[in-house]
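Please keep the viewer open while you read.

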Amino acid sequence: MSHATRPDPAELAKLPVEGPSFDELRAKLDPVVARYPARAGAMLPVLWVVQRARGGWLHPQSIREVADYLHVPQAHVEGVITFYTMFKDHPVGREVVMVCKTLSCRLRGAQDVIDALEDRYGIEMGGTTADRRFTIETGECLGLCDMAPCMLVGKDRFGDLTPESAVKHLEERR
Ligand code: FES
């Protein structure tokens, strides 16, 4: 199966912004920025704080607010978000599942794991389960090649996966 289609940015902009206002977030962000010689240097931790506080993704309004706050162009923030897989520019499930699709995992059955998860939840990679519990994506090497094929679920690592064990790990977290 192919990856799920990326949502239309114009539609994303219509969604409500979850969580605290940006003014409220400044209390957490100002000490972070103060540790860097240049405001723009704090981009990654600032985005992380904002994403976690606001529903696990970066709403177009959040992106604009971060750009203003760090005194950088909005395109710069968007470039960072699209480069790092840990940042999301669209709504995601309560936990993000990342299945490795790089060579070691591929050679040890990653595609069968991916197929099993797509079948079980009726979604394509990049999609979110109907109950919004999981967003399931593929990613590049997770640095866990010795336990290939593997996946991350939030911060937890699972290795030596089979199609059955991958589904079981997720079902046990529901
Ligand atoms: S190739 Fe999958 S963890 Fe390295």
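**Notes on the predicted model**

1. Let me start with the core. The largest nonpolar core has 33 residues, and Val99 and Met151 touch the most other members. A nonpolar core here is a set of buried Ala, Val, Leu, Ile, Met, Phe, Trp, Tyr and Cys residues joined through C-beta atoms within 7 Å. Buried means 20 or more other C-beta atoms within 10 Å of a residue's own, exposed means 12 or fewer, and partly exposed is in between, with C-beta atoms placed from the backbone. At least two residues of this core come from each of helix H3 (43–53), helix H4 (60–70), helix H5 (74–83), strand S1 (95–100), helix H7 (110–121), strand S3 (134–139) and helix H8 (163–172). Because domain 1 (9–83) and domain 2 (95–172) both give residues to the core, it lies between them. In soluble globular proteins, nonpolar side chains tend to be buried together.

2. A word on conventions. This is a predicted model: local features need pLDDT of at least 70 and side-chain atom pairs count only at pLDDT 80 or more, while totals for chains, interfaces and linings use all residues. Residues are numbered from 1 along each chain as its sequence is written.

3. Now the overall layout. The protein chain has 8 helices and 5 strands, where helices (H or I, at least four residues) and strands (E, at least two) are DSSP runs numbered from the N terminus. Their order from the N terminus is α-α-α-α-α-β-α-α-β-β-β-β-α. The C-alpha trace spans about 45 × 35 × 25 Å along its principal axes, and 26% of the 174 residues count as buried. The C-alpha centres of domain 1 and domain 2 are 28 Å apart; the domain bounds come from an automatic or database domain assignment.

4. Which residues does Val99 contact, leaving aside its neighbours within four places in sequence? They are Ala110, Val113, Ile114, Leu117, Ile136, Thr138 and Met151. A contact means two C-beta atoms, placed from the backbone, within 7 Å.

5. The H3 and H4 pair is worth a look. Their axes come within 11 Å and cross at roughly 145°; axes are lines fitted to C-alpha atoms, for helices over the stretch in contact, with angles from 0 to 180 degrees between N-to-C directions. Met43, Val46, Leu47 and Val50 of H3 meet Ser62, Val66 and Leu70 of H4.

6. Please check two backbone positions with positive phi. His71, in the loop between H4 and H5, has a phi of about 60° although it is not a glycine. His71 is exposed, with 9 C-beta neighbours inside 10 Å. Arg132, in the loop between strand S2 (127–128) and S3, is also not a glycine and has a positive phi of about 60°. Arg132 counts as exposed, with 11 C-beta neighbours inside 10 Å.

7. There is also a cis peptide bond to inspect. It joins Ala148 and Pro149, with omega about -5°. Pro149 sits in the loop between S3 and strand S4 (151–153).

8. Finally, Thr102 lies in the loop between S1 and helix H6 (103–107). Is Thr102 buried or partly exposed? Thr102 counts as partly exposed, with 16 C-beta neighbours inside 10 Å. Not counting residues up to four places away in sequence, Thr102 touches Glu140 and Cys141.
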